[in-house]
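Please look over the model below before reading my comments. They are written for someone who has not seen this structure before.

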Amino acid sequence: MNQNQYRVVPETAVPDGETPEATCPYCERPFRRERFRVLHVVEAHPERATPTERERYEAVVDEESDDLFVYHLKVLFALGALYAAFVISAIVAFSLAG
């Protein structure tokens, strides 16, 4: 069995044949999205990051925080809907049984 067959490829990896959207100016690492490059530059090269790159980093972190909050709201809504459906189906089942 080939181990590469089940290897998880992070979203930052650029598949063969795809042109990278951005490249790190310090280590030449390619990225699929500009926001991944922004995060990489400040986290991997903090001593070389410019003030502009740090500002962009803060903006990207804020965007990710907002995206995560929206995701949590969606999950909370889905769990609430699932719970409500379960309660309603239980009420219907018990009312039909007796």
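1. The model is predicted, so local features need pLDDT of at least 70 and side-chain atom pairs count only at pLDDT 80 or more, while totals for chains, interfaces and linings use all residues. Residues are numbered from 1 along each chain as its sequence is written, and side-chain values use heavy atoms, with hydrogens and water left out.

2. Helix 1 covers residues 34-44; helices are DSSP runs of H or I with at least four residues and strands are runs of E with at least two, numbered from the N terminus. In helix 1, Phe36, Arg37, Val38, Leu39, His40, Val41 and Val42 are buried, where buried means under 20% relative accessible area, exposed over 50% and partly exposed in between, with a 1.4 Å probe and protein chains only. These buried residues pack against strand 1 (22-23), strand 2 (30-31) and helix 2, contact being taken as heavy atoms within 4.5 Å.

3. Valine 38, in helix 1, counts as buried because its relative accessibility is 5%. Leaving out residues up to four places away in sequence, valine 38 touches Glu53, Arg56, Tyr57 and Val60.

4. Glutamate 53 lies in helix 2, residues 51-97. What is the nearest side chain of opposite charge to this buried glutamate 53? It is arginine 37, at 4.1 Å, and glutamate 53 has no salt bridge, a term that requires a side-chain nitrogen of Lys or Arg within 4 Å of a carboxyl oxygen of Asp or Glu. For charge, Lys and Arg count as positive and Asp and Glu as negative, with His and the chain ends not counted. The side chains of glutamate 53 and tyrosine 26 are, however, joined by a polar contact of 3.1 Å, that is, a pair of N or O atoms within 3.5 Å, where within protein one must be able to donate a hydrogen and the other to accept it, and residues adjacent in sequence count only if both atoms are side-chain atoms.

5. Histidine 45 sits in the loop between helix 1 and helix 2 and counts as buried at 11% relative accessibility. Beyond its neighbours within four places in sequence, histidine 45 is in contact with Cys24, Tyr26, Cys27 and His40.

6. Leucine 79, in helix 2, is exposed, with a relative accessible area of 51%.
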